Amino acid sequence: MAERGVVLSASNGAVRTLDEPSAERAALEAHADQLCDTAEALARVFRAGGRLLTQSGARFAHDAAHVTVEFLHPVITGARALPALRLDATDEVSAVDRLRTMAHQGDAWLGIGAFEDDPALVAGASEAGRLGLLTIAIVDGESTGADADH
């Protein structure tokens with residue numbers, strides 16, 4: 001019998017198999033095509049020698065840091081590390097300055113958060129797009145305001 005994957009629910013610590021109905025599974029299924037397109041675009045960035053630059057607002061700082069670490073130190077044994085940097089930007093000016101300083105042509109920018117509540121995140125997305133980076137947004141719930149490629 002094939003081994004099943006599991007999802008750990010952070011809210012109550014319960015472990016469920018992926019074949020059980022869950023909000024997480026429903027969300028993944030609803031956005032499967034978008035997730036695959038984004039993964040393929042990011043893979044092209046890495047194959048071409050680009051890096052992932054992550055940014056978030058204060059509420060999502062841990063998430064952006066965690067994503068960065070997962071690329072630098074993959075949990076899968078034998079998987080190669082991929083170049084990723086965390087950009088700490090608390091306002092629009094620092095977001096733009098850090099991108100202008102750190103970004104190279106061919107990099108990707110990943111923003112995580114509630115874009116409509118975070119001018120620094122909006123400025124980061126805008127500057128990353130202006131610099132020609134692949135832009136990816138992971139938004140909070142029904143958040144709007146993310147002008148990104150994915």
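Predicted model: local features only at pLDDT ≥ 70, side-chain atom pairs only at ≥ 80, totals over all residues.
Which residues of β3 are buried on one side and on the other? Residues are numbered from 1 along each chain as its sequence is written, and side-chain values use heavy atoms, without hydrogens and water.

**View 1. Both faces of strand β3 are covered.** L52, T54 and S56 lie on one side and L53 and Q55 on the other, all of them buried (under 20% relative accessible area with a 1.4 Å probe, protein chains only). Because 5 of the 5 residues of β3 are buried, the strand is largely enclosed by the rest of the structure. Strands are DSSP runs of E with at least two residues, and helices are runs of H or I with at least four, numbered from the N terminus.

**View 2. The open sheet has 4 strands in the order β4-β3-β5-β6, with parallel pairing.** Its edge strands, β4 (84-86) and β6 (134-139), each pair on one side only; two strands pair if DSSP finds at least two bridges between them. Strands of a sheet pair through backbone hydrogen bonds, either parallel or antiparallel.

View 3. β3 is joined to β4 by 3 bridges and to β5 by 5 bridges.

**View 4. Strands β5 (residues 108-113) and β6 pair in the parallel sense.** They share 6 bridges, and G111 stands opposite A137 in β6.

Terms used: Buried < 20%, exposed > 50% of the residue type's maximum accessible area, 1.4 Å probe, protein only.
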